[in-house]
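User: I'm new to this one and would like a walk through how it is put together. Could you take it step by step?
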Amino acid sequence: MNYQQTEIPDYNFAYLDEQTKRMIRRALLKAVAIPGYQVPFAGREMPMPYGWGTGGVQVTAAVIGPEDTLKVIDQGSDDTTNAVSIRKFFARTAGVETTEKTADADIIQTRHRIPEHPLREDQILVYQVPIPEPLRFLEPRETETRKMHALEEYGLMHVKLYEDIARHGHIATTYAYPALINDRYMMDPSPIPKFDNPKMDMMPALQLFGAGREKRIYALPPYTKVKSLDFEDHPFVIQSWEDVCGLCGAKDTFLDEVILDDQGNRMFVCSDSDHCNERQAKGHRGPQNRDDSLTEEVAL
Amino acid sequence: MSRDSNILLSIRDLTMMYGSRIGCQDVCFDLWPGEVLGIVGESGSGKSTLLNCISAQLEPSEGQVSYNTRIEGMKEVYQMSEPERRLLMRTDWAFVHQSPRDGLRMNVSAGANVGERLMAIGNRHYGDIRQSAENWLGKVEIESDRLDDLPSTFSGGMQQRLQIARNLVTGPRLVFMDEPTGGLDVSVQAKLLDLLRSLVRDLGLSVIIVTHDLAVARLLSNRLMVMQRGRIVEQGLTDQVLDDPQHAYTQLLVSSILQT
Amino acid sequence: MTDMLKVEKLAKSFTLHTQGGTTIPVFEDINFSMQAGDCIGLTGESGSGKSTFMRMLYANYLCASGSVNVFHDGRWVDITTATPHDILEIRKVTMGYVSQFLRVIPRVSTLDIVAEPLTTLGASEEAAKDKARQLLSRLNIPERLWSLSPLTFSGGEQQRVNIARGFIADYPIMLLDEPTASLDAGNRQTVLDLIEEAKERGSAILGIFHDQAARDAVCTDFFDVTKHRIEYDG
């Protein structure tokens with residue numbers, strides 16, 4: 001943007017000044033060059049509290065262009081407070097198009113999920129990350145964790161999985177499930193369900209991770225190998241459900257449990273609301289959505 | 001008889017200065033396989049500094065620490081690359097701290113504590129790791145039903161034995177110990193001493209043990225070094241140093257202990 | 001006969017730094033040797049330094065000058081200049097020492113304590129324990145005590161445990177400091193029998209014997225350290 005010749009807007013395009021974006025892009029380039037490696041960056045104060053996606057917002061601000069279409073999801077849903085406010089933030093500060101359709105988006109900023117719809121090479125997935133360091137659980141010293149990454153000393157990660165099996169009989173870590181990137185760096189995939197881990201592996205889209213409070217950026221370039229940790233005798237498995245989606249009948253999606261009343265009635269629905277709507281539009285129906293009448297079903 | 005090729009650890013002219021203050025100075029000695037070397041001296045005599053320098057935790061100002069590695073023979077420890085040195089420290093070496101809290105992960109189970117070194121060297125079979133952990137708890141006389149308990153639920157003596165098991169699981173040849181019986185009451189100390197001695201004998205371990213307790217030194221170590229103000233003032237066979245001390249400081253030290 | 005131990009021009013003094021650095025000379029110019037099958041009794045009145053001399057041979061005390069050559073593993077080694085590592089090897093394989101005191105780790109069973117020198121030499125646990133049981137039986141230590149630590153035993157029992165431990169490994173050289181003291185007649189005879197058996201095996205034995213009868217029964221020769229004693233009147 002050449003802002004000397006135009007009317008001075010209320011904000012620079014996408015809120016951050018251009019020098020800050022360049023600084024973040026340099027960090028992103030390094031992160032892409034070393035998949036899974038956490039690059040420190042000079043994170044800025046954003047007009048929202050830490051924990052609300054300040055890291056993801058800065059990354060999105062650094063990569064978004066005026067022609068891009070943005071989708072923001074939180075727990076798979078487009079209409080939670082967090083998703084809505086971030087979408088509005090970019091609509092206002094960058095004037096970009098927004099969408100709820102995964103297929104129509106150029107950039108998807110996400111908290112806690114990867115869309116069910118497979119992503120393409122021309123899309124970017126931006127993750128909001130609370131704690132970027134996968135080793136932090138057992139090793140509080142940053143100096144030591146950095147050394148462990150540098151020397152590929154990742155035995156400690158398995159200590160955590162061991163502890164899971166010892167206590168629960170199986171690997172009970174269900175989200176933020178650690179993965180080894182490109183046979184080199186141990187990475188925390190942010191608190192997505194482990195159900196989504198296989199989607200990261202060899203994904204055609206570029207994946208960027210921003211941690212605002214901890215001021216770290218990391219990335220997975222397209223088609224990067226992502227191996228979820230496991231034991232030979234306790235292999236990695238994703239969650240599965242006996243139920244199908246009550247609305248669209250999908251059997252292969254990540255389901256949320258919805259409590260319907262205080263009588264113990266409940267249903268399972270796709271956590272990815274766009275995917276679910278799309279399926280319903282194509283005529284797929286789940287057990288609680290027969291005759292196009294959800295309310296009647298519930299009343300029973 | 002003393003074939004130099006058999007030496008396990010060789011220390012030459014080791015000096016550690018903290019600014020102008022002496023940590024330890026001009027220390028030379030060799031350690032052979034299966035030997036237990038005691039280092040005694042009062043607080044502040046430099047014995048812990050020396051132990052940290054020897055065990056690659058504190059780079060000395062001057063001097064060499066050479067270790068007879070399994071594959072490449074004698075190598076200077078501070079000339080190794082950091083990955084190589086760290087690998088050595090968690091496989092062929094072990095370090096038992098005075099406080100179990102320094103040597104254990106208090107927020108994971110006893111089994112995970114023992115299994116950590118195995119996982120660190122690439123063991124990825126949960127069942128095997130758990131089995132080894134259970135065997136080792138047995139060897140240090142901890143009931144196998146405590147395998148999944150947190151170390152914080154253990155007594156001080158049990159924690160110390162757990163720390164030992166955690167260290168020995170990779171079959172190290174050289175073990176460093178810093179006042180391993182320090183915080184324990186007398187009856188628990190005796191049990192630990194007995195355990196340490198049988199482990200040393202059964203596994204053919206070489207040990208360097210720092211202690212201020214001459215009785216512990218007499219029962220565990222074959223050889224003794226006496227430190228005062230950073231220097232080794234006397235060294236020799238443990239019983240000779242304690243029964244016929246030559247240096248004024250050693251004589252004072254020996255005459256200061258209560259007779260048992 | 002085969003020489004086993006040769007002492008030449010040996011001298012000893014104590015320097016007491018805690019008493020202003022006073023040096024007390026004890027011995028000078030001791031020359032002495034032992035052959036396989038010898039049992040030499042150290043003589044001299046009480047306080048004349050017999051135990052000191054024995055401790056010097058075992059390298060428990062340092063010598064001021066001179067040499068103590070031990071025939072070990074097919075060659076002569078001077079114990080006064082040998083490294084601690086070599087001395088430990090000599091004590092493990094060649095030279096045994098029965099002192100008047102029992103120093104053991106609490107909690108270790110009597111049977112294990114007696115068997116230990118043999119397992120250290122590489123014998124199997126079972127073989128070592130078998131021989132330990134034989135010796136303890138011969139020395140009349142009741143079987144019910146074998147699993148206990150000897151630290152709770154009476155003085156006489158401790159002494160017999162010490163003897164069992166000293167005799168289990170068939171050392172070529174043995175140093176015995178009052179092995180028959182505080183024993184009753186029956187046990188004393190057992191110890192004398194053990195010494196006879198060691199002599200027949202070809203061990204060279206140096207002993208300090210309190211009682212005349214025991215000394216006369218087993219000794220083939222005598223050595224009086226008093227003659228080398230330096231009188232100190234400071």
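Analyst: What follows goes from the chain contacts to the sheets and then to the helices. This is a predicted model, in which local features need pLDDT of at least 70 and side-chain atom pairs count only at pLDDT 80 or more, while totals for chains, interfaces and linings use all residues. Residues are numbered from 1 along each chain as its sequence is written, chains are lettered from A and ligands numbered from 1 in the order in which they are written, and side-chain values use heavy atoms, with hydrogens and water left out.

User: Ok, which pair of chains has the most contacts?
Analyst: Two pairs of chains touch, and the most contacts are between chains B and C, where contact means heavy atoms within 4.5 Å. That contact takes 27 residues from chain B and 29 residues from chain C.

User: And how much area do B and C bury between them?
Analyst: Chain B and chain C bury about 2,600 Å², with 57% of that on carbon and sulfur atoms; buried area is the accessible area, taken with a 1.4 Å probe, that two parts lose on being put together, summed over both.

User: How many salt bridges are there between B and C?
Analyst: The count between chain B and chain C is six salt bridges, a salt bridge being a side-chain nitrogen of Lys or Arg within 4 Å of a carboxyl oxygen of Asp or Glu. One of them joins the side chains of C:Lys12 and B:Asp244, at 2.5 Å from N to O.

User: What about chains A and B, how many residues does each give?
Analyst: Chain A gives 22 residues and chain B gives 21, and the area buried between chain A and chain B is about 2,000 Å², of which carbon and sulfur atoms give 57%. Four salt bridges are found across the interface of chain A and chain B, including the one between A:Lys147 and B:Glu82, whose closest N and O atoms are 3.1 Å apart.

User: How far apart are chains A and C?
Analyst: Chain A and chain C do not touch, and their nearest C-alpha atoms are 34 Å apart.

User: Switching to sheets: what is the strand order in the four-stranded one in chain C?
Analyst: The order in this open sheet of chain C is E2-E1-E4-E5, with antiparallel pairing; two strands pair if DSSP finds at least two bridges between them, and helices (H or I, at least four residues) and strands (E, at least two) are DSSP runs numbered from the N terminus. Strand E2 (22–35) and strand E5 (75–78) of chain C are at the edges with a single partner strand each, so one side of each has no neighbour in the sheet. The twist averages 25° from one strand to the next.

User: How many bridges pair E1 with E2 there?
Analyst: Strand E1 (residues 3–16) of chain C pairs with E2(C) over ten bridges in the antiparallel sense, and C:Lys6 stands opposite C:Ser33 in E2(C).

User: Which strands stand at the edges of the five-stranded sheet?
Analyst: That open sheet of chain C runs E6-E7-E8-E3-E9 with parallel pairing. Its edges are strand E6 (95–98) and strand E9 (221–224) of chain C, each with a single partner strand, so one side of each is left without a neighbour in the sheet. Within the sheet, strand E7 (residues 173–177) and strand E8 (residues 204–208) of chain C pair in the parallel sense over five bridges, and the bridge partner of C:Leu175 in E8(C) is C:Leu206.

User: Where does H6 of chain C lie?
Analyst: H6(C) lies across E3, E7 and E8 of chain C, running at about 150° to E8(C); axes are lines fitted to C-alpha atoms, for helices over the stretch in contact, and angles run from 0 to 180 degrees between N-to-C directions.

User: At what angle do H5 and H6 of chain C pack?
Analyst: Helix H5 (residues 155–167) and helix H6 (residues 185–201) of chain C pack at about 10°, with their axes 12 Å apart. That makes H5(C) roughly parallel to H6(C), since angles under 35 degrees count as roughly parallel, over 145 as roughly antiparallel, 65 to 115 as roughly perpendicular and the rest as oblique.

User: What about H1 and H2 of chain A, parallel or perpendicular?
Analyst: Helix H1 (residues 18–33) and helix H2 (residues 54–63) of chain A pack at an angle of about 100°, with their axes 9 Å apart, which makes H1(A) roughly perpendicular to H2(A).
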